[in-house]
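Here is a short note to read beside the structure. Take the points in order and keep the 3D view open.

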Amino acid sequence: SSQVAPQDGPYGRYLGLDRAGLTVELGGLMRAAGGEPHPEILDLLVDVLVADVEANRLYRKDIAPRFPCPVTAVGWTRDVEIPPVLMTGWAECGSVTDVLLEGEHYTFLNPPAELLDLF
């Protein structure tokens with residue numbers, strides 16, 4: 001889903017959440033997908049998410065990397081996590097095609113035909 005370019009990070013609401021906040025977020029995503037998270041499984045998955053967020057907090061890239069291949073940057077029209085306006089930095093990374101699809105940040109979890117067509 002939408003993401004800022006490497007030189008524009010780290011960015012995102014999850015970076016400011018503690019373990020309890022991440023647990024609430026992950027549980028909500030699981031329920032939105034139609035499941036009811038088992039507490040032990042949720043706790044295990046939050047361990048992974050905490051480690052991922054910690055790695056993200058440490059990430060720094062002062063200069064835009066130049067990719068040796070074309071990149072497609074996919075954004076969503078109603079994304080409140082990473083609004084499309086925050087994705088403009090991808091143009092500094094080389095040959096980039098910007099695609100803006102109708103949807104929200106997690107729309108890719110139930111991918112619309114337009115996203116599948118890109119793949």
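1. Start with what a helix is here. Helices are DSSP runs of H or I with at least four residues, numbered from the N terminus. Keep in mind throughout that the model is predicted.

2. Now the whole chain. How many helices and strands are there in the chain? There are three helices and two strands. Read from the N terminus on, the elements run α-α-β-β-α. Taken along the principal axes, the C-alpha atoms fill a box of roughly 45 × 35 × 25 Å.

3. Burial and contacts come next. The chain has 119 residues, and 31% of them are buried. Take the contacts in the chain with a separation of 6 or more. Of these, 75% are accounted for by residues 24 or more positions apart.

4. Go back to α1, which covers residues 19-32.

5. Which residues of α1 are buried? They are Gly21, Leu22, Leu26 and Gly27. The cover over the buried residues of α1 includes α2.

6. Look at the loop between α1 and α2, where Ala33 lies. Is Ala33 buried or exposed? Its relative accessibility is 68%, so Ala33 counts as exposed. The cut-off for exposed is over 50%. Ala33 and Glu54 are 21 residues apart along the chain, and their C-alpha atoms are separated by 25 Å.

7. Turn to the largest pocket. Its volume is about 620 Å³. The lining holds 26 residues. Nearest the centre of this pocket lie Gln3, Tyr14, Asp52, Asn56 and His105.

8. Which helix gives the most to the lining of the largest pocket? That is α2, with four residues. Both α1 and α2 (39-58) supply at least two residues each. Sorted by class, the lining of the largest pocket has 16 nonpolar, seven polar and three charged residues.

9. The second largest pocket holds about 240 Å³ of space. It is lined by 14 residues, and the closest to its centre are Leu29, Ala32, Tyr106, Thr107 and Leu109. By class, this lining has six nonpolar, three polar and five charged residues.

10. Tyr106 leads on to the aromatic rings. The structure holds two aromatic pairs. One of them joins Tyr106 and Phe108, with ring centres 6.3 Å apart and planes at 40°, so this pair is tilted. The reasoning needs a cut-off: planes under 30 degrees apart count as stacked, over 60 as edge-to-face, and the rest as tilted.

11. Finally, check how open the two partners are to the surroundings. Tyr106 has 28% relative accessibility, so Tyr106 counts as partly exposed. Phe108 has 32% and therefore also counts as partly exposed.

Methods: Residues numbered from 1 in each chain as written. Predicted model: local features only at pLDDT ≥ 70, side-chain atom pairs only at ≥ 80, totals over all residues. Heavy atoms only, no water. Phe/Tyr/Trp six-rings, centres within 6.5 Å; stacked < 30°, edge-to-face > 60°. Buried < 20%, exposed > 50% of the residue type's maximum accessible area, 1.4 Å probe, protein only. 1 Å grid on protein atoms, 1.4 Å probe; cavity = no way out; pocket = protein on both sides within 12 Å on 5 of 7 lines; lining within 4 Å. Points joined across faces, edges and corners; volume = space filled by probe spheres on them. Nonpolar A, V, L, I, M, F, W, Y, C, P; charged D, E, K, R; others polar. Contact = heavy atoms within 4.5 Å.
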